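This report looks at aromatic rings and their neighbours. Keep the structure open as you read.

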Amino acid sequence: MKVLITGFDPFGGEKINPAWEAVNALPNEVDGVEVIKVQIPTVFKKSAQKLFEAIESVKPDAVICVGQAGGRFDFNVERVAINVDDARIPDNEGKQPIDVKIFEDGENAYFATLPIKAMVEEAKKAGVPASVSNTAGTFVCNHIMYSLLYYINKNKLNIRGGFIHVPYISQQVIGKKNTPYMELTTATKGLEASVRAIKNNLVDLKVTGGKEC
């Protein structure tokens with residue numbers, strides 16, 4: 001089994017991106033699963049093109065895209081991506097689309113096809129604070145999750161796909177008072193747990209992951 005895992009380069013004035021740092025720290029094999037790591041740019045469209053090329057080259061069984069979510073407290077496995085780019089800040093090439101469809105012929109939304117609740121439960125077992133998230137935002141993180149699921153759907157690929165958000169890591173919050181963070185080793189441990197969950201759960205767990213608001 002092969003899992004392709006992507007992480008973004010730094011953006012928004014940050015010198016590092018915890019997503020790529022956590023991905024890059026992964027071993028090349030987790031419980032017999034081959035792990036292929038690719039860095040993608042924090043750029044609308046270009047990130048998706050690099051992802052599609054990686055999928056064609058690697059031919060993985062599953063794809064996990066990983067992004068930074070500064071301000072979040074825990075390891076978030078995303079449930080859904082929506083068909084809109086609405087950028088609060090410019091991407092790394094200065095693009096700032098507002099209320100633009102990602103793909104004109106795409107569905108309004110696509111749900112992750114990874115076992116998201118099993119991933120959360122496995123991360124918790126590994127000592128990682130984790131939960132299901134119901135919004136991937138409207139920046140490049142949502143863009144890449146939506147693009148991944150669109151690509152799988154349109155090409156009828158036998159690939160499971162989804163997205164994980166990780167918080168800032170400790171060195172990013174120096175000078176950011178009262179900002180939550182997660183140690184890099186903890187984020188990487190969460191990714192390892194996610195790979196194990198994907199390997200061991202063809203069908204997701206029936207456990208609650210909902211939120212009241």
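## How rings pair

Rings of Phe, Tyr and Trp pair if their centres lie within 6.5 Å. Planes under 30 degrees apart count as stacked, and planes over 60 degrees apart count as edge-to-face. A pair of aromatic rings is described by the distance of the centres and the angle of the planes.

This is a predicted model. The structure holds 6 aromatic pairs.

## An edge-to-face pair

Start with F44 and F139. Their ring centres are 5.6 Å apart and their planes stand at 90°, so this pair is edge-to-face. The pair links distant parts of the chain, 95 residues apart. F44 lies in the loop between strand 3 (33-40) and helix 2 (46-58). F139 lies in the loop between strand 8 (130-133) and helix 4 (140-154).

Are these two residues buried or exposed? Buried means under 20% relative accessible area. F44 has 4%, so F44 is buried. F139 has 15%, so F139 is buried too.

## A stacked pair

Now turn to F52 and Y151. The ring centres are 4.2 Å apart and the planes are at 10°, so the pair is stacked. F52 is in helix 2 and Y151 is in helix 4. The two are 99 residues apart, and their pair links distant parts of the chain. Both F52 and Y151 are buried.

## A cluster and two lysines

Four residues form one aromatic cluster: F103, Y110, Y146 and Y150. K45 lies over the face of F103, at 5.1 Å from the ring centre.

Which ring has K176 over it? The charged end of K176 sits over the ring of Y168, 5.0 Å from its centre.

Key
Residues numbered from 1 in each chain as written. Predicted model: local features only at pLDDT ≥ 70, side-chain atom pairs only at ≥ 80, totals over all residues. Heavy atoms only, no water. Helix = DSSP H or I, 4+ residues; strand = E, 2+ residues; numbered from the N terminus. Buried < 20%, exposed > 50% of the residue type's maximum accessible area, 1.4 Å probe, protein only. Lys NZ or Arg CZ within 6 Å of the ring centre and 35° of its normal.
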